[in-house]
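Open the model in your viewer and keep the selection tool at hand. The stops below follow one another.

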Amino acid sequence: MFLRIVDALAADIASGRLVRGERLPTHRALASALGIDLTTVTRAYGEARRRGLLDARVGQGTFVSETTARAASDLPAPVNIDLSMNLPPQPVEANLDLRIAQGLATIRAEAGFSAYLGYARPGGTADEREVAASWLQQRLPQASADRIVIYPGSQAIIFNALLALTSPGDTVLTEALTFPGAKAAAARLDIRLVGVAMDPEGISPDALDAACRKHKPKAIYLAPTQHNPTTATMSAPRRKAIADIIRKRGCLLIEDDVYGPLEPQIAPIATLIPERTYFAASISKCIAPALRVSYLLAPDAAAEQRMRASLQATMQMPPSLMVALVTQWLRSGVAAEIIRAIRNEAAARQQLAARFLKGVTYAARPASHHIWMPLSKHFGGTDLPSHLMRNGLAVVGEDAFAVGDAAPRGLRISLGAARNRAELSQALQVLSHAVRTPVGATQIV
């Protein structure tokens, strides 16, 4: 009986009948209203708190939680709040626990779990790729199922794209600051990455053209929407300029659109040069990273076959049950509801950052999970990250992203990594105080 109460609470939160911060009846009042014993309600409230649906406040009562995220149990000392990992927030409105359970129940009823426990076609079934194509067509009208390969995460796409397009010793161009996963893949494959100068919109067209002439790259890896770590997002004219250079120089583009669903109105570069683009899309930053489902749109049939063969050789196939769950969410519209809730929470956290960091220089996007803060001149070397660490706050400096020695200095602060807005407010207070106070002023020599 108590689990039925928990499921009803979860359903009411998912539907919006119960909203974050809403106070619930006391244990005794709910037991009386439902005509059940007090112990059952107490067990139900306890289980709902364990799932992250409810919060109990001493002397105040029980309230709908803001988030379903749990406190980290493995933070290294002296970290109290870790904003180093770029995670999507987990607002209670997304209600992933309930939606995972419901999605799996649907899969079990329709086909049974055992149907997904054997070997499957590398790159996804025809139905899974059709559903993926429908999702991608919202931003890439020319996306077709026969050119889609489903991978276990974007990191696998990046590694396999580099593996397919390059040989050891080849050069690949990227932004002066780039995704650490791309750096790791290039290092493992003995590929030379060359960082290209950036401006507030991302990679500079003039600098890219010059680098293409000089280095004759085998590929160009870019993240043109909510770039990690700077949040730089290319305008439509900038995207056209970059596409024109890639076409003129005969290059191939690996476009990482992992943050694209947070800004669905922006058309990818792939819409301009589909014949030259390996387009990577994912649910890791718009739903959850541990659901290892990502989509590669290859430029043509030959590239699709090559990438599918590479996937089979390196990791055989994506996790079938996870792909089935995500496919069910995409088909039913549940994915859109989850993404909308996460996008709204990201926007709210950006507004919180704007309030605490008023007057501080930093770059952001209205619905991004992170901000980029150039380091002020009075912070030398790694003083600021170390200072923040001593005050219990972990962030990431530019070293993790730098390609070459000319990369700009700064910090990436991952707003989505905070468990809730209260924790984020604490972190932003620490950050605000630190950036307004020269490190040397806090030291005794």
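Two strands pair if DSSP finds at least two bridges between them. Helices (H or I, at least four residues) and strands (E, at least two) are DSSP runs, numbered from the N terminus. This is a predicted model: local features need pLDDT of at least 70, side-chain atom pairs count only at pLDDT 80 or more, and totals for chains, interfaces and linings use all residues. Residues are numbered from 1 along each chain as its sequence is written, and side-chain values use heavy atoms, without hydrogens or water.

**The mixed sheet.** Select the 7 strands in the order E4-E12-E11-E10-E9-E5-E6; they form an open sheet with mixed pairing. E4 (148-151) and E6 (192-196) are the edges, each with a single partner strand, so one side of each has no neighbour in the sheet. Now pick E10 (residues 253-256) and E11 (residues 277-282): they pair in the parallel sense over 4 bridges. Aspartate 256 stands opposite alanine 280 in E11.

**Glutamate 47.** Go to helix H3 (residues 38-50), where glutamate 47 is found. At 14% relative accessibility, glutamate 47 counts as buried. Leaving aside neighbours within four places in sequence, glutamate 47 is in contact with Phe2, Leu3 and Val6.

**The antiparallel sheet.** Finish with E13-E16-E15, an open sheet of 3 strands with antiparallel pairing. Between E13 and E16 (residues 410-414) there are 5 bridges. Proline 374 stands opposite glycine 410 in E16.

Key
Buried means under 20% relative accessible area, exposed over 50%, partly exposed in between (1.4 Å probe, protein chains only). Contact means heavy atoms within 4.5 Å.
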